[in-house]
Amino acid sequence: MQLQLHTITIEDLVPADHFLRKLDAALDLSFVYEMTAPLYSKKYGRPPIDPVMLVKYLLVGFLYGIPSERQIELRIQTDVALRWYLGLDLFDAVPDHSTISQLRRRKPKFRKVFRRLFEEVVRQCIEKGLVSGRLVATDSTHVRANASRASEVLVEMPEEPGAYYDRLDAYEEEALKQLPPKKGRRQGKRTQQLKRKNRRTKKRVSITDPEAGHMKRPGKPEGPHYLSHQTLDTDHGIILDVTVTSGDASDSTPYLGQIEHVHRDVIPIQAATADAAYDFPLAHEVLLENDITFYVRPQAHFDCTQVELKRDAFSYDPERDCFLCPSGKELRLNTLQRSSSSLHWVYLADKRECKACPLRERCILESNKRGVRTLKRNFFSLRLTATPPAGTPRSTVRRSSSGRSGARARLPRRSGATT
Ligand code: SF4
């Protein structure tokens, strides 16, 4: 037998059209050096592992669906293409998997590198014309936390204000100016919300992973989870932004912040779409203000009133800004109520008229201590009331049964479909 001697390099072993060669040519990671420079000491310690190599180490794990850092290390040891991509020669030692976990533990700022990497990829997609902002879609997906249900305990904690508590301040100021002057004792602002601040609530918290939240949704697994909220451009399915929340957050919680960030910092959005979980009045208002057409599946609304005369039995008179009850009496605008994510006008009937009304038993519950019928209307849905242009899909139309006259003044700013 005659032995043959070959002279080869790792460069010869990776095919010219290999995916990692294309990735290497397309994705410039030189910014990693600039970003991580302050994290390394020039004077002390042993020479570090190349930070770009560490980024690529995790990147190949994501790209090839390798679920653990231990397995990434094993795979790089035996896969020539992965070695080539990381800049390792055939016999170079692969960085130990514990390097990555220590990096996470000791240098939390390194995480920003991955955010920047994500933004850089999105920027390149925009540059190549893969993203237009014509229509973006948002949804969330659950990610199981690495913790069992047995690790969850019930913890009492202060009730958090709604996700849009601060955002509602300006709208509330504006709304309060529209209220008719009150006779007698003046009601203070945000009375309802301030009371809520003192309330306490019980939450399931995992002692293994306290940042995860207990998810309980129909058709979804129950237990400690995270939610990954993603907004993508529908042209080519490029994800434009990702926000992670605990599993007990609602889909609407990070929505407005995410949409506004994409619109302002990534690419101007012309239209946005989402499922019924995102159909909340403030979303319509904010998207309208940003000139973004909102295509959303309307949420099913159920009238839970326990009396026979439901809300449908009352008609709204826009001229007088009041409701008319089945007895022909007026329910007048009384006050503004603030919930965790919205504002409502409250209309009240006259107590004396209700007392003498033959329909009283069908209209007011025995347990109603005030003894008057009350109706609420959402502050934002009134502002959004308008006739949509011909051809507007029904799903974009969110219309209340009536509208306050001052509410329509903002609508001409919008050129497209209105809700
Ligand atoms: S009880 Fe009051 S609100 Fe109800 S129908 Fe009679 S007058 Fe109208």
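1. Is Arg362 buried, partly exposed or exposed? In this predicted model, Arg362 counts as partly exposed, because its relative accessibility is 36% and that class lies between the 20% and 50% cut-offs.

2. Arg362 forms a salt bridge with Glu308, and their closest N and O atoms are 3.1 Å apart. Arg362 belongs to helix 14, while Glu308 sits in the loop between strand 8 (293–296) and strand 9 (315–317), so the pair ties together parts 54 residues apart in sequence. Glu308 is exposed, at 53% relative accessible area.

3. A second pair is Asp321 with Arg377, where the closest N and O atoms are 4.0 Å apart. Asp321 is in the loop between strand 9 and strand 10 (322–324) and Arg377 is in strand 13 (residues 374–378), so this bridge ties together parts 56 residues apart in sequence. Asp321 is buried at 15% relative accessibility, and Arg377 is buried at 2%.

4. Arg115 and Asp241 also meet through their side chains in a salt bridge (2.4 Å, N to O). Helix 8 (residues 111–127) holds Arg115 and strand 6 (residues 238–246) holds Asp241, so parts 126 residues apart in sequence are tied together. Arg115 is partly exposed at 32%, whereas Asp241 is buried at 3%.

5. The count of salt bridges comes to 21. Asp317, Arg320, Glu330 and Arg332 are linked in a network of them.

6. The structure has two cavities of 30 Å³ or more. The largest holds about 130 Å³ of space and is lined by 17 residues, with Cys325, Ser327, Cys354, Cys357 and Cys363 nearest its centre. Helix 13 (351–355) and helix 14 (360–363) are the elements that each give two or more residues to this lining.

Note on methods. Residues are numbered from 1 along each chain as its sequence is written. This is a predicted model: local features need pLDDT of at least 70, side-chain atom pairs count only at pLDDT 80 or more; totals for chains, interfaces and linings use all residues. Side-chain values use heavy atoms; hydrogens and water are left out. On a 1 Å grid over the protein atoms alone, a cavity is a set of points where a 1.4 Å probe fits but cannot get out, and a pocket is an open set with protein on both sides within 12 Å along at least five of seven lines; lining residues have an atom within 4 Å of a point. Grid points are joined across faces, edges and corners, and a volume is the space filled by probe spheres set on the points. Helices (H or I, at least four residues) and strands (E, at least two) are DSSP runs, numbered from the N terminus. Buried means under 20% relative accessible area, exposed over 50%, partly exposed in between (1.4 Å probe, protein chains only).
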